[in-house]
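Have the sequence and the 3D view ready as you read.

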Amino acid sequence: MPTRPQLQPLSGLRPVDAQPGRSTARLRIVGAAHTDAHPRTATTVQAGPFLKWVGGKKRLLGQLEPMLPADVSRYAEPFVGGGAMLFHLRATRPLTRAFVADANPEVVNVYTVVRDRVGDLCAALDEHEAAYLARSEEGRKAYFYEVRAQHPMDHEQTAVERAARMIFLNRTCFNGLWRENRSGRFNSPHGRYANPRITRRETLEAAHRALQGVEVRMQDFRDLPTTCREQRVDFVYLDPPYHPISATSSFNAYAAGQFRERDQRALGEVCRELDRMGVRFVLSNSDCPLIREIYDGFSQRIIRAPRAVNSNAAKRGAVNELAVSNFEVR
Ligand SMILES: C[S@@+](CC[C@H](N)C(=O)[O-])C[C@H]1O[C@@H](n2cnc3c(N)ncnc32)[C@H](O)[C@@H]1O
């Protein structure tokens with residue numbers, strides 16, 4: 001008999017039987033949740049994004065929610081990033097299957113580690129936190145650049161070390177934004193937070209519980225129709241890097257390589273294929289002529305979004321985005 005942790009299921013979620021160490025864990029709807037998280041905080045924190053991510057959808061969930069189907073059961077999200085929609089659906093829909101992917105290997109690694117090894121991750125983050133906070137301002141800066149320089153492409157690291165490095169950098173860099181250069185190396189400068197909390201154990205443990213049974217893969221969006229067929233997915237949320245509305249307006253360098261017009265068009269073809277397959281989808285993107293043209297014939301709604309990614313505070317404010325879908329909204 002597995003030991004039964006004192007966990008309350010998150011609202012709307014039935015407990016799942018996790019299979020730590022397996023990237024292909026299935027959601028099983030009976031049995032106790034296996035977790036190495038401390039049960040102390042189980043009832044207090046709602047799972048949500050543990051990374052600050054460019055284009056994160058947390059603040060738009062209220063506007064997107066009326067467009068989402070009530071009966072999602074088999075879910076896929078090909079551009080997971082900070083995962084705001086995944087955590088939202090996990091808490092509000094009775095998912096039996098969830099599949100998320102991203103092209104960024106660090107994102108895929110951090111989700112896998114949070115799902116399977118949150119205790120080890122918190123211990124590694126505690127070490128970063130203690131080392132960082134003990135230093136002077138100059139010492140903290142030097143520590144940050146030292147960790148930043150240890151890119152997993154050049155330095156052998158365990159999955160836990162890589163995940164801890166990513167979260168540490170995300171918590172201490174300028175604006176908390178994950179930005180990479182063309183060769184895929186994180187290059188945001190050091191930020192200056194007086195006393196950043198680096199471990200945030202409750203947030204990570206809540207995410208750990210919500211990720212039990214979720215399959216995480218490094219995958220290009222072009223493989224999505226195959227995944228949907230194999231997994232009999234019934235709803236997909238797509239949140240790609242946005243098409244820039246002007247030459248300088250948008251930041252879309254999450255992963256090595258830019259997301260260009262040809263990628264937006266290829267994604268449009270993927271969505272048309274999902275539609276032919278009878279898979280419901282909602283897609284977010286910028287409101288511009290190219291995106292309106294690519295999704296011509298589908299429902300298009302305007303969403304008002306805060307525009308945060310601008311070094312010039314005067315250019316922040318709100319901007320229109322599009323939410324496209326292929327089914328009747330309530
Ligand atoms: C707008 S962000 C997603 C934000 C996410 N919805 C959130 O709430 O934080 C876009 C994501 O797409 C990923 N990405 C970029 N190109 C990709 C590709 N070709 N296939 C899959 N993912 C890709 C990026 O690494 C990034 O995490």
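A residue is called buried when its relative accessible area is under 20%, exposed when that value is over 50%, and partly exposed in between. Please keep in mind that you are looking at a predicted model.

**Salt bridges**

How many salt bridges does a search of the whole structure find? The search turns up 19 salt bridges.

| Pair | Distance, N to O |
|---|---|
| R162 and E106 | 2.9 Å |
| D263 and R222 | 2.7 Å |
| R292 and D287 | 2.6 Å |

Let's start with the pair R162 and E106, whose side chains meet in a salt bridge. R162 lies in helix α6 (residues 159-172) and E106 lies in helix α3 (residues 105-116), so this pair ties together parts that are 56 residues apart in sequence. Is E106 buried or exposed? With a relative accessible area of 5%, E106 is buried, because the cut-off for that word is under 20%.

Next come D263 and R222, which also meet through their side chains. Here D263 belongs to helix α9 (residues 261-277), while R222 sits in the loop between β3 (215-218) and α8 (224-231), so the pair ties together parts that are 41 residues apart in sequence. The two partners have their own labels: D263 counts as buried at 10% relative accessibility, whereas R222 counts as partly exposed at 40%.

The pair R292 and D287 can be described in the same way. R292 is partly exposed, with a relative accessible area of 37%, and D287 is buried, with a value of 18%.

Salt bridges can also be linked to one another. Which residues form such a network? D71, D234 and R280 are linked in a network of salt bridges.

**Around N326**

You can find N326 in the segment after β7 (318-325). What does the side chain of N326 reach? This side chain reaches the backbone oxygen of V279 at 3.0 Å and the backbone nitrogen of F281 at 2.8 Å.

Technical notes. Residues are numbered from 1 along each chain as its sequence is written. This is a predicted model: local features need pLDDT of at least 70, side-chain atom pairs count only at pLDDT 80 or more; totals for chains, interfaces and linings use all residues. Side-chain values use heavy atoms; hydrogens and water are left out. Helices (H or I, at least four residues) and strands (E, at least two) are DSSP runs, numbered from the N terminus. A polar contact is a pair of N or O atoms within 3.5 Å; within protein, one must be able to donate a hydrogen and the other to accept it, and residues adjacent in sequence count only if both atoms are side-chain atoms. A salt bridge is a side-chain nitrogen of Lys or Arg within 4 Å of a carboxyl oxygen of Asp or Glu. Buried means under 20% relative accessible area, exposed over 50%, partly exposed in between (1.4 Å probe, protein chains only).
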